[in-house]
Amino acid sequence: TSNQMWGGRFAAGPDAIMEAINASIGFDKRMAPQDIAGSRAHAAMLAATGIITDSDAEAIREGLLTVLSEIDSGDFEFSTALEDIHMNVEARLKEVIGEPAGRLHTGRSRNDQVATDFRLWVRDQLDAAEGGLVALMQALLGQAEAGADWVMPGFTHLQTAQPVTWGHHMMAYVEMFGRDLSRVRDARKRMNESPLGAAALAGTGFPIDRHMTAEALGFDQPMGNSLDAVSARDFALEFLSVASISAMHLSRFAEELVIWSSAQFRFVTLSDRFSTGSSIMPQKKNPDAAELIRAKIGRIFGANVALMMVMKGLPLAYSKDMQEDKEQVFDAADNWMLALAAMEGMVRDMSANVPNLEGAASAGFSTATDLADWLVRETGLPFRDAHHVTGTLVAKAEGKGCDLPDLSLEEMQEVHGNIDASVYDVLGVHNSVRSRMSYGGTAPQRVREQIAAWKGRLP
Ligand code: ARG
């Protein structure tokens with residue numbers, strides 16, 4: 001039998017394979033709440049503009065609530081023959097309220113309907129991401145506050161560079177996730193326009209009120225061009241781009257946690273709640289959550305690329321290709337939210353191994369730059385010359401198998417005659433970080449100022 005929604009011109013029903021490739025209900029049923037909210041707003045508008053009667057609109061709006069509660073309670077039977085969430089809901093509405101259900105689709109198409117549903121869904125996810133990012137940033141602020149003074153090695157090329165503070169390192173991620181947060185808010189602002197009422201592509205001859213439905217659904221305004229409204233998926237791509245960048249940040253921190261929790265580094269201990277064991281090696285405590293967060297960037301970025309590929313070269317307006325947008329976005333959203341929550345939990349629970357951090361901070365001649373800076377300040381050497389003198393001292397210490405502060409004053413003076421005993425003050429890691437008072441620098445005082453500034457900015 002042919003389709004009850006559009007079967008008029010069809011003599012035969014679809015092949016089973018046709019049904020399988022065509023149906024989206026298996027995944028787009030997740031948009032049921034958005035679909036029903038959109039239809040309720042549309043029905044109210046149809047009545048307000050006199051396109052359908054108040055009593056029909058009332059029946060439709062009530063009936064849709066019944067359908068929603070059936071879906072919520074798991075009683076709803078989704079049908080592949082009905083293709084997608086839009087037709088599943090409408091068909092059930094017909095069973096529940098009868099004839100008025102057939103008036104709901106006046107002045108509307110599935111093209112503007114799906115664009116509306118999907119925007120509402122993505123908007124909800126942006127709100128959830130905002131919550132997840134804020135919670136993670138709060139956890140990082142807690143760590144930063146606890147360890148504003150703890151000294152640890154700062155790396156470039158993963159080689160010891162200069163000492164930094166734990167708080168400074170945590171706050172670096174607060175800045176990154178703070179930019180993710182602002183990208184989330186930008187994306188939300190830009191995408192918050194209503195496609196509803198664009199109908200199939202050209203608008204409609206019915207005297208609809210697009211401003212009314214836009215407002216009812218919390219959109220700032222209706223989209224200005226009906227062709228664009230049903231064709232655009234850049235809001236979904238922007239969501240995936242923002243998610244990709246954020247997941248990239250998460251993966252970098254995850255990688256650091258994997259390294260930091262190793263027996264060789266022992267900078268942090270991850271909690272039992274966020275670690276796993278080994279089925280063979282009894283001593284193992286593995287940072288699986290961090291590893292999986294590190295990996296999530298792969299599927300999230302993959303979704304971004306996949307949807308870019310789907311959309312590229314598509315002529316206006318709607319093409320069925322665009323049905324491929326949802327699974328990518330659903331999967332990316334689920335995994336981004338999970339990664340944010342897991343990272344928040346790990347950060348809240350982890351404990352820094354302060355003596356180890358401080359011991360590692362002075363390894364690898366980490367205060368060599370402080371020595372060069374001292375030579376500039378106290379002896380008037382140009383920085384390039386001071387750099388050379390310091391390099392010679394490092395080589396000397398390396399040859400002796402000792403640290404810079406272990407060189408005697410005489411040994412230092414053999415390399416440069418004007419060095420005096422006050423040089424030893426700058427060779428300690430605590431003095432080193434305390435001296436980095438430039439704006440945004442690692443000095444504990446600067447880090448505390450950053451923490452206070454971010455606390456004032458977060459909800
Ligand atoms: N399931 C479709 C999608 O997700 C809904 C829109 C279908 N529109 C159409 N003209 N066939 O894109």
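**Asp56 and its surroundings**

Setting aside neighbours within four places in sequence, Asp56 makes contact with Pro100 and Arg103. Please bear in mind throughout that this is a predicted model. Asp56 itself belongs to helix α4, which covers residues 54-72. Is Asp56 buried or exposed? Its relative accessible area is 14%, and because the cut-off for buried is under 20%, Asp56 counts as buried.

Val305 lies in helix α11, which spans residues 288-311. With a relative accessible area of 34%, Val305 is partly exposed. Together with Phe301, Met308 and Met309, Val305 makes a nonpolar surface patch of about 380 Å².

I move on to another helix, α10. This helix runs over residues 234-260 and contains 27 residues. How far does α10 reach from its first C-alpha to its last? The distance is 38 Å, close to the 39 Å expected at 1.5 Å a residue. Helix α10 is also mostly covered, with 20 of its 27 residues buried.

Finally, I come to an annotated region. The UniProt record, an unreviewed entry, places the feature "domain: Argininosuccinate lyase C-terminal" at residues 365-433. In the model, that span is 67% helix and 0% strand, and its end C-alpha atoms are 14 Å apart.

Thank you; I welcome your comments.

Technical notes:
Residues are numbered from 1 along each chain as its sequence is written. This is a predicted model: local features need pLDDT of at least 70, side-chain atom pairs count only at pLDDT 80 or more; totals for chains, interfaces and linings use all residues. Side-chain values use heavy atoms; hydrogens and water are left out. Helices (H or I, at least four residues) and strands (E, at least two) are DSSP runs, numbered from the N terminus. The expected span of a helix is 1.5 Å times one less than its number of residues. Buried means under 20% relative accessible area, exposed over 50%, partly exposed in between (1.4 Å probe, protein chains only). Patches are made of residues with over 30% relative accessible area and no salt bridge: like charges are joined within 9 Å, nonpolar side chains (Val, Leu, Ile, Met, Phe, Trp, Tyr) within 5 Å. Accessible areas come from the Shrake-Rupley method with a 1.4 Å probe; for residues, only the protein chains shown count as cover. A salt bridge is a side-chain nitrogen of Lys or Arg within 4 Å of a carboxyl oxygen of Asp or Glu. Contact means heavy atoms within 4.5 Å. UniProt positions are given in the numbering used here, feature names are shortened, and annotations may be inferred rather than shown by experiment.
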